[in-house]
Amino acid sequence: MGKGSAFTNETLSFSNIVCNVIYSIFLFANCLLTAIGLATYQWIETTGEDMAKSNINFDNVPGLNKVSCGLTTYCIDAAGQVAECSLPWPVYGDSPTDIPYTMWQAATGCITFGLLLLVLCWIYTIFACFGCFSSYLQKWSSRLCLIGGLFMLIGLLCWLGGFSDLAVSTCVGGVDKVDGDCPTGWDAVFPSDLIEGGVANIGCQICPREMKAFQRAETCKMGWGAYMIIVATVMSLILGSVAEMVTSRQAKEY
């Protein structure tokens, strides 16, 4: 470690080797954090009790305890055959286009792209740790890490902007609304094709009508999956800045 590669002939001081190793370790941890956050179902969630308080009907889901919707997976904690909450976590349909909302599809795409950039940065750090350091590639690693963080931030904003899609919109029995409210109660839409009778009918309308873009209703809570991506986004921006500090003894301007 620290010796120049056959391509660049650049070497690192001991302090820069340590800095690069720490950068690589934290970058790998950030990749794992992002992957887990993206895959988990705990992004937005509510309970049967809170849905009942909001006059949201879920008679088609007997014994409902809790329902959670992630960007790619979901969980329905209920009684009987409609329960879906075991590993592997259930996904929306068979392809990314089956994710129920356009804003969620955009969020998934942006965060996934950000994760791919972080993985590329981490792969480079492995080579750099074993003598293949390049000032040119190091600068690009730093930039890609920052860009990855920005894409993840855009993904989070897309997700927050799609909050309005999660609000109930139709009345039980198809009756008309009275002064914006449903006299018969609101119909929930669940992410399970088993409950909704097909992938084309799935959704995650489990929140009261107060749920709007960038405005969360009190009874619909953010899960730890969203918080993990928030932390990963901040870490990406910090790590991208840290990477700029790693320089070789033969540092040059590129």
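Trainee: Why are α4 and α6 called roughly antiparallel to each other?

Mentor: Their axes, lines fitted to C-alpha atoms over the stretch in contact, with angles running from 0 to 180 degrees between N-to-C directions, cross at roughly 155 degrees and come within 8 Å. Angles under 35 degrees count as roughly parallel, over 145 as roughly antiparallel, 65 to 115 as roughly perpendicular and the rest as oblique. The α4 and α6 pair is therefore roughly antiparallel. Before we go on, please note that this is a predicted model, in which local features need pLDDT of at least 70, side-chain atom pairs count only at pLDDT 80 or more, and totals for chains, interfaces and linings use all residues. Residues are numbered from 1 along each chain as its sequence is written, and side-chain values use heavy atoms, with hydrogens and water left out.

Trainee: Thanks! What makes α3 and α4 roughly antiparallel to each other?

Mentor: Helix α3 (residues 102–129) packs against helix α4 (residues 135–161) at an angle of about 160 degrees, and their axes are 8 Å apart. With that angle, α3 and α4 are therefore roughly antiparallel as well. By class, their contact has 20 nonpolar, 6 polar and no charged residues. Here Ala, Val, Leu, Ile, Met, Phe, Trp, Tyr, Cys and Pro count as nonpolar, Asp, Glu, Lys and Arg as charged, and the others, Gly among them, as polar.

Trainee: What do you call a helix or a strand here?

Mentor: Both are DSSP runs, numbered from the N terminus: helices are H or I with at least four residues, and strands are E with at least two.

Trainee: Why does G48 count as buried?

Mentor: Buried means under 20% relative accessible area, exposed over 50%, and partly exposed in between (1.4 Å probe, protein chains only). G48 has 4% relative accessibility, so G48 counts as buried.

Trainee: Which residues touch the most other members of the largest nonpolar core?

Mentor: They are I44, W104 and F190, in a core of 54 residues. The largest share, 6 residues, comes from α3. A nonpolar core is a set of buried Ala, Val, Leu, Ile, Met, Phe, Trp, Tyr and Cys residues joined through side-chain atoms within 4.5 Å. In soluble globular proteins, nonpolar side chains tend to be buried together.

Trainee: How do you know that β3 and β4 pair?

Mentor: Two strands pair if DSSP finds at least two bridges between them. β3 and β4 have 4 bridges, in the antiparallel sense. One of the partners is C75 in β4, which bridges to S68, and C69 stands opposite Y74 in β4. A hairpin of 4 residues joins β3 to β4.

Trainee: Which strand else is joined to β3 by 4 bridges?

Mentor: That is β1 (residues 44–47), which runs antiparallel to β3. E45 has S68 as its bridge partner in β3, while T46 has V67.
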